[in-house]
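Visitor: I would enjoy a close look at one part of this model, with the helix packing as the way in. Could you walk me through it slowly?

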Amino acid sequence: MLELDGLGYRGKTVVVTGGASGMGEQVARILGELGAAVHIVDIREPKVAHETFHQVDLADFGAVRGVAEALSALAPIDFLFPCAGLPPTVKGPMYCMQVNYIGTRHFVECLLPSLRDGAGIALISSDAALGWQKNLAQSLEMLAISEPDEALAWCEADPETRVRDGYTSSKEMLVIWVQNAAVKLGNERRIRLNAIGPCPTKTAFMDEQGQHLPEGFLEAWPYPSLGRMATAEEQAWPLVLLNSPLNAAVTGAFLLTDQGFASGVYTGAIDPSFMTGGR
C-alpha cells in the first residue's frame with residue numbers, strides 16, 4: 001500500500017454495510033489497510049479483517065434500529081460507507097427496495113446521532129439510476145416519507161408504478177435522497193453525503209444478476225476506460241477517495257464510475273440500442 005495517510009482514515013472509526021462481499025468488502029479491506037478501525041454490518045459474516053461485526057437484514061427495520069443502537073457505543077463515528085445492496089432476482093422487487101433504499105436510509109438516519117460533526121457518508125447507487133429526473137415528481141413523494149414502515153406501505157399501495165423492477169427505482173431513490181439530504185446535513189452538521197454510480201462490475205452481485213440478463217448483454221456493454229468489466233476493488237477506490245476529507249467541497253454528488261457510459265450516451269458517443277437488441 002502506498003503512503004496514503006493524507007486521505008485521512010488512519011486511526012478513524014468507520015462503519016461499512018455490505019462489508020462481507022463485493023464492493024463493500026473491498027472498501028472495508030482498503031480502509032483497514034489505510035489504518036482505520038472498521039466495523040462491518042452485513043447479513044453474512046465477513047472474511048475481511050474488522051474490529052466488530054453486526055449481523056442484520058436491512059429489510060428488518062426493527063433490527064436496523066437495534067444495530068444502530070449497538071454501534072452508538074463507538075461514537076463519535078468518523079465515516080460511514082453504506083455499501084449493502086442486492087438485485088431484484090434474490091427475493092423480488094419489493095425486498096430489493098426495502099434493502100437498497102428504505103433500509104439503507106433508515107440505517108443512516110438512525111446512526112446519524114453517533115456520527116461526529118464533519119463526518120463523511122459515501123454510498124453505492126448505480127448507473128441504473130441515470131433516468132432519475134423523469135421520475136422525480138413521484139420520487140419526491142417517497143422522499144418525504146422518512147418512517148420506513150410508512151415508506152414500505154406507500155410502495156405496496158402501487159408496486160407496479162412505484163417499485164417497478166425494484167433495483168432501478170431503489171437506486172434512483174438513493175440518488176435523490178443523497179442530493180436532497182446533503183444540504184441539511186451540511187448546513188446543520190457539516191456532514192457530507194455522496195454516492196457513486198458504477199456500471200456492471202465483476203462481483204457476486206453481477207454473477208447473480210447476469211443469469212437473468214439476455215445472452216451477450218454484458219459482453220456488449222461498452223467499457224471505454226478499462227476494456228472490460230471493472231473489479232470490486234476498482235469501484236471501491238473511488239468511493240474511498242470520494243469520502244476522504246480532502247474532498248471537503250464535495251457533497252450531494254452522484255459520481256459516475258461507469259467507464260464513460262453515461263457521458264457517452266448523453267453525447268451520442270455510445271449508442272444505447274445494444275441494451276434492447278438494437279430495437
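Visitor: Please start with H3 and H5: are they roughly parallel or roughly antiparallel to each other?

Guide: Happy to take that one, with the reminder that this is a predicted model. The axes of H3 and helix H5 (residues 148–157) cross at roughly 150° and come within 10 Å. With angles over 145 degrees counted as roughly antiparallel, H3 and H5 are therefore roughly antiparallel to each other. Their crossing is right-handed. On the H3 side the contact is made by Met94, Met97, Gln98, Ile102 and His106, and on the H5 side by Pro148, Ala151, Leu152, Cys155 and Glu156. Sorted by class, the contact of H3 with H5 holds seven nonpolar, two polar and one charged residues.

From H3, the residues Cys96, Met97, Asn100, Tyr101, Thr104, Arg105, Val108 and Glu109 meet Tyr167, Ser169, Ser170, Lys171, Met173, Leu174 and Trp177 of H7. The contact of H3 with H7 divides into eight nonpolar, four polar and three charged residues. Met97 is worth a click in your viewer: it is listed in the contact with H5 and again in the contact with H7.

Two of the H3 residues that meet H7, Arg105 and Glu109, are also partners of each other. Their side chains meet in a salt bridge, 2.9 Å from N to O. Both lie in helix H3, four residues apart, which is about one turn of the helix. The two ends of this pair fall into separate accessibility classes. Arg105 counts as buried at 8% relative accessibility, while Glu109 counts as partly exposed at 28%.

That pair leads on to the other charged contacts. Side chains of opposite charge can pair when their charged atoms come close. In this model the count comes to nine salt bridges. One of them joins Arg116 and Asp78, whose closest N and O atoms are 2.7 Å apart. Arg116 lies in strand S5 (residues 115–124) and Asp78 in strand S4 (residues 77–82), so this pair ties together parts that are 38 residues apart in sequence. Asp78 is buried, with a relative accessible area of 9%, whereas Arg116 is partly exposed at 24%.

Ala75 and Pro76 are joined by a cis peptide bond, with omega about 0°. Pro76 sits in the loop between helix H2 (61–71) and S4.

Arg190 is in the loop between H7 and strand S6 (192–198). Its phi is positive, about 60°, although Arg190 is not a glycine. Arg190 is exposed, with a relative accessible area of 56%. Gln259 is found in the loop between strand S9 (254–257) and helix H11 (261–267). With 10% relative accessibility, Gln259 counts as buried.

Helix H1 (residues 22–33) and helix H10 (residues 232–243) pack at an angle of about 60°, with their axes 8 Å apart. That angle makes H1 oblique to H10. H1 passes H10 in a right-handed crossing. Gly22, Met23, Gln26, Val27, Arg29, Ile30 and Leu31 of H1 make the contact with Ala232, Glu233, Gln235, Ala236, Trp237, Leu239 and Val240 of H10. By class, the contact of H1 with H10 has nine nonpolar, three polar and two charged residues.

Glu234 forms a salt bridge with Arg228, the closest N and O atoms being 2.7 Å apart. Both partners are partly exposed, Glu234 with a relative accessible area of 29% and Arg228 with 37%. Salt bridges that share partners also join Arg29, Glu33 and Glu233 into one network.

Terms used. Residues numbered from 1 in each chain as written. Predicted model: local features only at pLDDT ≥ 70, side-chain atom pairs only at ≥ 80, totals over all residues. Heavy atoms only, no water. Axes fitted to C-alpha atoms, helices over the stretch in contact; angles between N-to-C directions. Parallel < 35°, antiparallel > 145°, perpendicular 65-115°, else oblique. Left-handed = near helix turned anticlockwise from the far one by under 90°. Contact = heavy atoms within 4.5 Å. Nonpolar A, V, L, I, M, F, W, Y, C, P; charged D, E, K, R; others polar. Salt bridge = Lys/Arg side-chain N within 4 Å of Asp/Glu carboxyl O. Buried < 20%, exposed > 50% of the residue type's maximum accessible area, 1.4 Å probe, protein only.
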